[in-house]
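Here are my notes from a pass through the model you sent over. Have it open while you read.

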Amino acid sequence: MIYFEVIMIKKTSCVWNFYKLLVAVLFIAPVSLYAQDRDFTTWASTGFKYKVKPAFTLSGKLEWRTKDDLNKTDRWGLDVGGSYSVLPFLKVAAGYEIHYRNRGGSGWKFRHRYHFDGTLSTRVQRLKLSLRERFQHTFDSGGDELLWRSRAKLAYDIPKCKIEPYASVEMYNGLNRGERFDVQRMRYRGGVVLPLSSDWEADVFYCRQWESKARKDIVGVACTYSF
């Protein structure tokens, strides 16, 4: 009985620490947020997940994004990768992306990206908590960008319901020379994951993205087929 109470106290402490992390990150964006240029955009994607083995999953995604208040296509993207569950609470992943981007007067150009992830996750009653750390390198003919991305996510498993709401906060820290791990971008996202059929599910979300010179309000949907 004493052991059970200790475990429950530890889990409760974990939940509160997670909430504190989310609240702390929310206040990292500077006060100049409201003086930035603002854009309303959409993201739409369709993809798949294929479980090769119980611990190993392959995935792929085709994505379309808009910009300039839905008036122009921002980019097309193709993403392929894989993830491996090292332990019940630890997953590692890697992926490659290619983007075909609308650069305005410079025309359409290709950009490449690869990333490596590590995700810690746990469950406290019906709450699902995770922390993902990602190294990301993006490059094209104009140069390259190195980023470290940290994302804290909280989801709730509703009893007797397959719809799962979630909220996340993600911080982008610069790794290029001279950036000194400064915050380059923030994303605040909330949404719901709902089943469309036995194999298809949809993630419908709203995301607010902050950068030093711009802000985006993003409404999106991501459909995924699992087999």
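Predicted model: local features only at pLDDT ≥ 70, side-chain atom pairs only at ≥ 80, totals over all residues.

1. Residues are numbered from 1 along each chain as its sequence is written, and side-chain values use heavy atoms, leaving out hydrogens and water.

2. The largest nonpolar core has 7 residues: Trp-43, Ala-155, Tyr-166, Val-193, Phe-205, Cys-207 and Ile-218. A nonpolar core here is a set of buried Ala, Val, Leu, Ile, Met, Phe, Trp, Tyr and Cys residues joined through side-chain atoms within 4.5 Å; buried means under 20% relative accessible area, exposed over 50%, and partly exposed in between (1.4 Å probe, protein chains only). Apart from that core lies another, of 5 residues, including Val-169, Met-171, Met-186 and Tyr-188.

3. Leaving aside residues up to four places away in sequence, Ala-155 touches Arg-126, Leu-127, Lys-128, Glu-164, Pro-165 and Tyr-166. Contact means heavy atoms within 4.5 Å.

4. Val-192 sits in strand S9, residues 183-195 (strands are DSSP runs of E, at least two residues, numbered from the N terminus). With a relative accessible area of 30%, Val-192 is partly exposed. Its C-alpha lies 5.4 Å from that of Glu-164, 28 residues apart along the chain. Beyond four places in sequence, Val-192 touches Ile-163, Glu-164, Pro-165, Tyr-166, Ala-202, Asp-203 and Val-204.

5. How many disulfides does a search of the whole structure find? The count is 0, taking a disulfide as a pair of cysteine sulfur atoms within 2.5 Å. Cys-161 is partly exposed at 29% relative accessibility, and Cys-223 is partly exposed at 21%.

Conventions: Helix = DSSP H or I, 4+ residues; strand = E, 2+ residues; numbered from the N terminus.
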